[in-house]
Amino acid sequence: MGSVLPQSASSAQSAAKKVEANSVRLPFREGAGERVAPGIISPMRRFISQRVDAVPPSGIRKYFDIAATMPDVISLGIGEPDFVTPHPILAAGVRSLEAGKTGYTSNSGLLELRQSISRYLERLYGVGYDPETEILATVGVSEALYLTLTAILDPGDEVIVPQPCFVAYTAEVQFAGGVPVPLGTRVDNDFQVTAADIEAKVTQRTKAILIGYPCNPTGAVISREHLAEIVAVAVKHDLLLISDEIYARLVYSGFQHVCIASLPGAHERSVLLGGFSKSHAMTGWRLGYVAAPAELLAAMRKVHQYTIMSAPTPAQWAGIEALEHGDEHVEAMVAEYDRRRRLIVGGLNQLGLDCFEPKGAFYAFPSVAKSGMNEVEFADTILSEEQVAVVPGSAFGEGGDGYVRLSYATAYEKLEKALERFARFMRRHG
Ligand SMILES: Cc1ncc(COP(=O)(O)O)c(C=O)c1O
């Protein structure tokens, strides 16, 4: 036993020497070695694909990581409901486990769940999908997006991505071998993308348009008229419409969400991504779905079959309860988000941090021009001086410069406190 320590220590030393030797001598692909210190090159980077290496880490993580180490911080950074999953939904998941339903489900997901999704989409948005062939249960909208892009993109295919948008859109297009084509939206158009702007970006390689309304990070919604014009451009240029409608239930001020697939000419060229994470406070259950024409869905199912097998079983049972009996819980959460929305938007505007009225999701997207700082300076300074975490708008792509994103999926009292800190901050910097 006495020899174990010295032996392992010496083998660790020799392993370290080997790594060091490898670090400088291995024949790296051009540009594939990362210098971590003068003369030392990271030995692992040569194994990482250029496709993945080219994608920068998410610009929002940094603020969560710093905030997590600070005492008395108010984080408005994270886009996650602060509510626990409503109890009847949670109980349905628990019951399924206690009944021993702990195995895989069919690759497409429980037929009962797909039937619920089909009824739900018909009831809320008037769109019809066949539960047998046109709906697939996924590990969140995240997986649904991955499946869609993997199923449709060949190397070099372009996807038009209106921005600012959810950080995963551009990265996932790149992971799937495609080329994201960013398209900035503007506050003077209520952050709604226009058909004319989309059409100006169409090339021979354009395969799809990826939109997400209600929008993370702006809180913008999109009107039926704008959507119809976008459908017309898609029809004219034979493009696929990918619509992330994860925030469809979280709308305010009397706005009615329009599902893109309900518009004439859209159903047969749309992929609808839907979820439970935001509407039913189910982020950790990892459940979502994709609805699309059967042939396209079969291609996605193939990718899902080989990578995931099936979405989590207890989550699927909970999902049925959410869709069949969850409306009153959704409405209660929406009412509370709305109360917070009015507090935060009103408060920011009073401080001169101009904030357009977000009619969807749970984000406010104020301009920080009044502070004289750019969005990164603003986010860094308010975090260090006032311990409030927000995310710079530029982390969400084109059109985000000069703005920050605040999530109001945070307790009302915390938002009041955050506004006091914003006010103190603006007295110094306004
Ligand atoms: C617009 C948007 N789409 C998709 C997701 C991912 O959702 P899920 O938890 O269903 O994977 C998020 C999460 O923040 C989001 O904001």
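A residue counts as buried if 20 or more other C-beta atoms lie within 10 Å of its own, and as exposed if 12 or fewer do. The views below come from a predicted model.

**View 1. Gly274, a buried residue of strand E9.** Gly274 sits in strand E9. It has 24 C-beta neighbours inside 10 Å, so Gly274 counts as buried. Leaving aside neighbours within four places in sequence, Gly274 is in contact with Glu245, Ile246, Gly288 and Tyr289. Ile117 is 157 residues away from Gly274 in sequence, yet their C-alpha atoms are 9.4 Å apart.

**View 2. Gly275, a second residue of strand E9.** Strand E9 also holds Gly275. Gly275 is buried, because 26 other C-beta atoms lie within 10 Å. Not counting residues up to four places away in sequence, Gly275 touches Gly140, Val141, Ile246 and Gly288.

**View 3. The open sheet of seven strands.** The strands follow the order E4-E10-E9-E8-E7-E5-E6, and their pairing is mixed. Which strands stand at the edges? They are E4 (135–138) and E6 (179–184). Each has a single partner strand, so one side of each is left without a neighbour in the sheet. With direction ignored, neighbouring strands are turned by 20° against each other on average.

View 4. E4 pairs with strand E10 (residues 288–291) in the antiparallel sense, over four bridges. Leu136 stands opposite Val290 in E10. Ile135 has Ala291 of E10 as its bridge partner. In a regular strand the side chains alternate between the two faces of the sheet. On E4, Ile135 and Ala137 point one way. Leu136 and Thr138 point the other way. All four are buried.

**View 5. Helix H6 on the sheet.** Helix H6 covers residues 140–152 and packs on the sheet. H6 touches E4, E7 (206–211), E8 (240–244), E9 (270–275) and E10. The direction of H6 makes about 35° with that of E10.

**View 6. The shell around the ligand.** How many residues surround the ligand? There are 13, and the closest are Gly140, Val141, Ser142, Phe166 and Ser277. Helix H6 supplies the largest share of this shell, three residues. By type, the shell divides into three nonpolar, nine polar and one charged.

**View 7. Helices H12 and H14.** Helix H12 (residues 327–350) and H14 pack at an angle of about 0°, with their axes 10 Å apart. That makes H12 roughly parallel to H14. From H12, the contact is made by Arg339, Arg340, Leu343, Ile344 and Gly347. From H14, Tyr412, Leu415, Glu416 and Leu419 take part. The residues of this contact divide into five nonpolar, one polar and three charged.

**View 8. Helices H13 and H14.** The axes of helix H13 (residues 375–386) and helix H14 (residues 412–429) come within 11 Å and cross at roughly 110°. Are these helices roughly parallel or roughly perpendicular? H13 is roughly perpendicular to H14. On the H13 side, Ile382, Glu385 and Glu386 form the contact. They meet Arg421, Arg424 and Phe425 in H14. This contact divides into two nonpolar, no polar and four charged residues.

**View 9. Two cis peptide bonds in one loop.** Most residues other than glycine have a negative phi, and most peptide bonds are trans. A cis peptide bond joins Tyr213 and Pro214, with omega about -5°. Pro214 lies in the loop between E7 and helix H9 (224–236). A cis bond also joins Asn216 and Pro217, where omega is about 25°. Pro217 too has its place in the loop between E7 and H9.

View 10. Asp238 has a phi near 50°, a positive value in a residue other than glycine. Asp238 lies in the loop between H9 and E8. Is Asp238 buried or exposed? With 9 other C-beta atoms within 10 Å, Asp238 is exposed. At Met309, phi is near 75°, again positive in a residue other than glycine. Met309 is found in the loop between helix H10 (294–307) and helix H11 (313–325). Met309 has 11 other C-beta atoms within 10 Å, so it is exposed.

Conventions
Residues numbered from 1 in each chain as written. Predicted model: local features only at pLDDT ≥ 70, side-chain atom pairs only at ≥ 80, totals over all residues. Axes fitted to C-alpha atoms, helices over the stretch in contact; angles between N-to-C directions. Parallel < 35°, antiparallel > 145°, perpendicular 65-115°, else oblique. Contact = placed C-beta atoms within 7 Å. Nonpolar A, V, L, I, M, F, W, Y, C, P; charged D, E, K, R; others polar. Pairing = 2+ DSSP bridges. Near = placed C-beta within 6 Å.
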